[in-house]
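Hi everyone, thanks for coming. Please have a look at the structure on the screen, and then I'll walk you through a few spots in it.

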Amino acid sequence: MTVNQRSVGRASALWGFTMGCLLAPLLLGATIAVQPAVVFIDRTGAVGLNLNPEAACWVDFDNDGWVDLCAAEAVWKNHAGQRFTTVATTGAVVAADFDNDGFADLFSWSHLRLYRNNAGKNFVEFKLPPLPKCVSRGACWGDFNGDGFVDLYVGGYEDWEAGVTYPDMMLLNVRGEAFRLAWSETRYRARGVTACDFDRDGDLDIYVSNYRLQPNLLWLNDGTGKFQDAAADYNVVATSPGFAGGHSIGACWGDFDNDGNIDLFAGNFAHVDRRGDQPKSRFLRNRGRQKNYTFEDLGPCGVFYQESYASPAAGDYDNDGDLDLFLTTVYAIASFNRKNFPVLFRNDGGFVFTDATAAANLAGLPPTSQAAWADYDNDGDLDLVTAGKLFENQGSDNRWLKVRLHGDGRVVNRSAIGAQVRIKLPDKTLTRQVEAGTGEGNQNDLTLHFGLGQHTDPVDVEIFWTNGTVQTLRRVETNRLIAVRFQPSPKE
């Protein structure tokens, strides 16, 4: 294994502002450090972006160290965090390096087209096999059969007026040279698609968010790319008594309680009708190895009711070590003339989530299906693209670490999709995974981001590669990016 480390310059956000509360009469002159609220500012126009509110995908397509943005049907090149310019038109996409040449390629789920990245210079359409007619709202990449090349799962939605259900499809990668349609099925009407090795058995499982009060799917992978639906067995249907399923629009994986197991959040649109309250958005806690990685349905956990919740995105925006949640809405005005708006929920630990939208300067956003996190200006905190706008995080004095994984392109796919990284702190274990698809058709940056709070000592970084190899990096300094390349053993 080789490790490259570089310190990342803070543009302005790592400001060391600490507010002291003088409590001399009670605490004998001691002071308590109070963290100011982390706020965002709209930088859309200042950096030259012109976005619609549809799904977004962050990816560094030219490998220059600055994450680029695919949104508004276009690919936007990031010029050192100062401005963006358009370089291609592709549709709504998810990104991964399908041919293992070192450059991330783009699959447009909105147009069912694949674009090969030509060494970061341009994108050329790559021929796919004949596909059944499909309208899709999202897809995800992952090496589902363990051959070192990423495959595609495409969700199929509906034509509501015609009463048509479009097929979900599995496209298997033929060693970067072609794709083949492995199977398709039309049971349910999918919206979001996202994958995770939640049971830590070395293969990626797939979670499909289905609409129209239909049950969500958990495709459990046997390691060879063969799946069975185990959503009911693992208690992740994301419904409530009296309903077969919910109006799920998108879901996101994340270790929300820092126990080392990756949990799940399902974002449910939920009417109130004559049958009662429809299934609400909910957190599903992964109970780990001792409980066979089954999930406990915890309910909303502070995600207050709005009818038209849609696409969630998980990220530690305040760098305190807890994964927070941004959740979009479909409508500005929902049933009974009630206003709906996207919400930023701060994770206060113990599955307690608090509305931080106004404090973060994100109040009053319009309806959108767009929500994705990335550190576009390389200053060590997560920025947010949503509702057709780029919001720059103004930061805090909390510590952080970013980890960029690279597969070898033979045993582990170049994008390292499916790999997991854990950092053990004295009171918690932080877990992140490399994923290419979250929420409803969105994608966070492939670079993993860890907030570390006020932890200043070096940390150990444990990497679980997709082939089962475990690597530990000792005493890694914080407030920097590390790049780690997988190198197979001589036997592999």
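Let me start with a question: which element gives the most to the lining of the largest pocket? The answer is β42, with four residues. Before I go on, please keep in mind that this is a predicted model.

So, the largest pocket. Its volume is about 650 Å³, and 30 residues line it. If you want to find its centre on your screen, look for Asp60, Asn63, Arg404, His406 and Thr447, which lie nearest to that point. Two or more lining residues come from each of β1 (2-7), β36 (399-406) and β42 (480-485). Sorted by class, the lining has eleven nonpolar residues, ten polar ones and nine charged ones.

Now over to the second largest pocket, with about 310 Å³ of space. Here 24 residues form the lining, and Asp197, Gly202, Asp203, Trp465 and Thr466 are the closest to the centre. The classes in this lining are eight nonpolar, eleven polar and five charged.

Where is Asp199 found? Asp199 sits in the loop between β19 (190-196) and β20 (205-210). Asp199 is buried, yet has no salt bridge. The nearest side chain of opposite charge belongs to Arg200, and that is 8.6 Å away. Which residues does Asp199 touch, if we leave aside its neighbours within four places in sequence? Those contacts are Asp205, Leu220 and Tyr293.

Notes: Residues numbered from 1 in each chain as written. Predicted model: local features only at pLDDT ≥ 70, side-chain atom pairs only at ≥ 80, totals over all residues. Heavy atoms only, no water. Buried < 20%, exposed > 50% of the residue type's maximum accessible area, 1.4 Å probe, protein only. Lys, Arg positive; Asp, Glu negative; His and termini not counted. Salt bridge = Lys/Arg side-chain N within 4 Å of Asp/Glu carboxyl O. Contact = heavy atoms within 4.5 Å. 1 Å grid on protein atoms, 1.4 Å probe; cavity = no way out; pocket = protein on both sides within 12 Å on 5 of 7 lines; lining within 4 Å. Points joined across faces, edges and corners; volume = space filled by probe spheres on them. Nonpolar A, V, L, I, M, F, W, Y, C, P; charged D, E, K, R; others polar.
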